[in-house]
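Please keep the sequence and the model in view while reading.

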Amino acid sequence: MRVPAACLAVTAALMLAAGAPFAQDKPAEVGLAVYKPGEKYATDEQAGEAIDKLAGHLSGDKATFKRRGVRNNPTEALKLFKDDKHPVAVGIVSPAFYFANKDTLKLTALAEARRGNADGARYTLVGKSATENYPEGKRIATSLTAEKEWLNRVVLPAPENAKPVQWVQYDNLFDAAYEIIDGEDDAPDFVLADSISLQAIQKDDDLKVLKHGLQSELLPQDLVVEVDSRLGAAREPMLKALNELDKTDAGRKVGELIQSPTFQKPDAARLEKAGKLWARK
Amino acid sequence: MGKEVNKAQWLGMSAFLALGLLFVSCRQVPNDTLNGGSGGEHVRYSRLVQEARDAFESSPRQVADVELAAARFGEALGIRTDEYATLWLAARACAWLGEYAGDKSVREAYVRRGLTWVNTALKVNPEGVEGQFYHGVLSGLLGDLDNSYGMDAVKQIEARMTLLIDRGTDIAHGGPQRVFGLLLLRAPGPPASIGSLRNARKQLEHAVEIAPQWPENQLYLAECEFAWARDKDKPEFATRARERLERHLLGADAPMPTGVGHEWDAWQANARKLLRDNS
C-alpha cells in the first residue's frame with residue numbers, strides 16, 4: 001500500500017517527538033539514559049564516553065541510540081526521564097528507581113545487569129562482630145543513602161516496632177570499613193557491602209578480620225527499562241545485542257566498559273518479590 | 001621561584017588522573033617489545049645515547065629537550081635493543097612527555113612508544129627496578145589518556161608499585177608510594193575500583209617521609225589532606241594542606257629542585273588550583 005508522502009511526514013514527526021524508532025531509511029534516534037546511585041563517577045563527564053560506546057554497539061538499521069545523560073542522583077535522573085524535548089526511550093536504572101517510577105514513567109523492565117557476572121544482588125552487614133538480627137538503631141555505612149526507602153523497605157526491612165537503623169553515606173565503603181578496624185570515634189557500626197565489595201573486603205589484609213552477618217534477600221541488579229513503549233522496532237534487536245554482549249569481541253569490550261558482561265531477562269520471581277517488599281509501607 | 005635543592009636524579013612523574021572509574025574497560029596495556037638485536041654501529045649508538053641523556057638532563061628541562069631525547073633514544077634503539085639502561089631511560093623520557101607534552105594524541109603516542117621500550121627493558125631485565133616503576137607510570141598514563149585501558153592500568157600500577165614498596169626500593173623520590181598513593185586517592189572505592197582515602201594517606205605520608213624535599217610528594221599529600229578534611233569534616237587537615245603548599249611550592253622560599261623547569265610550573269599551577277578548589 002502506498003502512503004502519501006505528507007502523511008508519512010506527519011507520522012514521522014509525531015514518532016520522533018516520542019523518541020520512538022520506526023521503519024524508514026534513516027534509523028530513528030533512541031534516547032538512552034543511565035542512573036547509577038552511589039557512584040560518584042556516574043556522570044556524563046566521567047562515564048559519558050563509555051555509555052556512548054554502549055549506544056554505538058546497540059545502534060543498528062532500525063535505530064541509533066543516543067546518550068541523554070548519566071546521573072547518580074535520583075532527582076536529576078528523574079528530570080532526564082521527564083524531559084519531553086529530549087525523550088528517553090530506554091534507561092539503565094537501579095531497581096529502586098524502577099519501582100519508584102514504574103507507573104508514572106510507564107517503565108517496563110526488559111533486562112537485568114550481571115555486574116561481576118553475578119545473578120542478582122545481595123547485601124551483607126559487615127562489622128567487628130557478626131549480627132544475624134536487625135541491628136536496631138545502629139549506624140550503617142552505605143553508598144546508597146539516595147535510596148533510603150529502598151534500603152529500609154527492601155534491603156534491610158525493620159521488624160515491627162524495631163528502632164530503625166541510621167544510614168550513613170560513604171562514597172567509599174573501604175574507608176568506612178577501615179574506620180571500624182581503626183576504631184575511629186565516629187566509625188559506623190556496620191558496612192552494608194554488596195557482593196563485589198564484600199569480596200574486596202575479604203581479600204584485604206587489614207579488613208579480612210571483619211565479621212559477616214545479616215544478609216539481604218537476593219535482589220534484582222540494575223534494570224534495563226523501556227519508557228512508555230517507545231522502543232518499538234528497536235526493542236528486540238537491542239535485547240538481542242545486550243543478551244549476546246559476551247559473544248563477540250566488540251560486545252565483550254562494551255561489557256567490560258559498563259561492568260556487566262551481559263544482560264539477562266529479568267528474574268520475574270525476584271522482581272515480584274522485591275516489588276512486594278517495596279510496596280510495604 | 002624559590003631556592004634550589006639537590007639535583008633531581010630521578011624523574012618523578014605521577015600526575016595521571018582518576019583511573020579505574022565507574023565505567024572502565026580492561027583492555028590490556030600493550031605488551032609489545034622491540035625486535036632489534038645487539039648489532040654494530042657501537043660508536044654511533046653510544047653517541048646517540050649520550051645526546052639523548054644530555055638532552056633529558058637539560059636544566060631547566062623543557063618539552064623540546066625531552067622530545068629531542070626521545071628522538072635520539074629512538075634512533076639508538078634502532079641500532080641495539082639489549083641495553084637495559086638505555087631502554088628504561090628512553091621509557092622515562094616518554095613517560096615525561098606523556099605527562100607534559102602537547103595535546104592528548106601526542107602524549108598518547110609517546111606513552112605507547114614508552115611502553116614498547118619499557119616492555120623491552122623488562123624483557124632484558126625482568127627484575128629491573130626502573131623498568132617496573134616506569135611500566136607502572138606509563139600504564140597509568142595510558143589509562144588516563146584512554147579510559148578503555150583504565151582497569152588493566154590499575155592492576156599494573158598496583159602490582160608494580162606494591163612490588164617495589166614491599167622490596168623497600170626507592171626510586172624517583174618515593175615514587176612507588178607517590179604513584180600508588182595517588183591512584184588510591186583518585187580512584188573510586190569498591191565495587192568499581194581500589195581507591196581508599198585512608199590507604200592513600202598512608203602511602204603519600206610515606207612518600208613525604210622518604211623524600212620531603214620532592215615537591216610532588218607534598219603536592220599530592222596536600223590534595224589528600226584536603227580530601228580528608230572534606231570527607232572526615234576535619235578542617236584542620238585543610239589548614240595543614242594550605243601550609244604545606246605554601247612552604248613547599250608556592251612561597252618565596254619554596255625549594256625548587258635543580259633541573260626541573262616545566263614540571264615546577266605545572267606543580268605550582270596544580271597547587272594554585274587545589275587552593276582555589278578548596279577555598
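Chain A is divided into domain 1 (26-118 + 220-270) and domain 2 (124-215), with bounds that come from an automatic or database domain assignment. The model is predicted: local features need pLDDT of at least 70, side-chain atom pairs count only at pLDDT 80 or more, and totals for chains, interfaces and linings use all residues. Residues are numbered from 1 along each chain as its sequence is written, while chains are lettered from A and ligands numbered from 1 in the order in which they are written.

The centres of domain 1 and domain 2 of chain A, taken over C-alpha atoms, are separated by 29 Å. Where the two meet, 10 residues of domain 1 of chain A are in contact with eight residues of domain 2 of chain A; two residues are in contact if their C-beta atoms, placed from the backbone, lie within 7 Å. The side of domain 1 of chain A that touches domain 2 of chain A divides into four nonpolar, four polar and two charged residues. Here Ala, Val, Leu, Ile, Met, Phe, Trp, Tyr, Cys and Pro count as nonpolar, Asp, Glu, Lys and Arg as charged, and the others, Gly among them, as polar.

The largest nonpolar core has 79 residues, and those with the most contacts inside it include Val30(A), Val126(A) and Val191(A). Domain 1 (26-118 + 220-270) and domain 2 (124-215) of chain A both give residues to this core, so it lies between them. A nonpolar core is a set of buried Ala, Val, Leu, Ile, Met, Phe, Trp, Tyr and Cys residues joined through C-beta atoms within 7 Å. A residue is buried if 20 or more other C-beta atoms lie within 10 Å of its own, exposed if 12 or fewer, and partly exposed in between, with C-beta atoms placed from the backbone. Not counting residues up to four places away in sequence, Val191(A) touches Val126(A), Ala141(A), Leu173(A), Ala176(A) and Ala177(A).

Chain A also holds an open sheet of six strands in the order 2-1-3-10-4-11, with mixed pairing. Its edge strands are strand 2 (63-71) and strand 11 of chain A, each of which pairs on one side only. Helices (H or I, at least four residues) and strands (E, at least two) are DSSP runs, numbered from the N terminus, and two strands pair if DSSP finds at least two bridges between them. Strand 4 (residues 107-113) of chain A is mostly covered, five of its seven residues being buried. Its pairings are set out below.

| Partner of strand 4 of chain A | Sense | Bridges |
|---|---|---|
| Strand 10 (residues 223-227) of chain A | antiparallel | five bridges |
| Strand 11 (residues 263-264) of chain A | antiparallel | two bridges |

Leu107(A) stands opposite Val227(A) in strand 10 of chain A, and Ala113(A) stands opposite Phe263(A) in strand 11 of chain A.

In chain B, the secondary structure comes to 11 helices and two strands. Of the 279 residues of chain B, 54% count as buried. The contact between the chains takes 23 residues from chain A and 17 residues from chain B. On the side of chain A that touches chain B, the residues divide into 11 nonpolar, four polar and eight charged.
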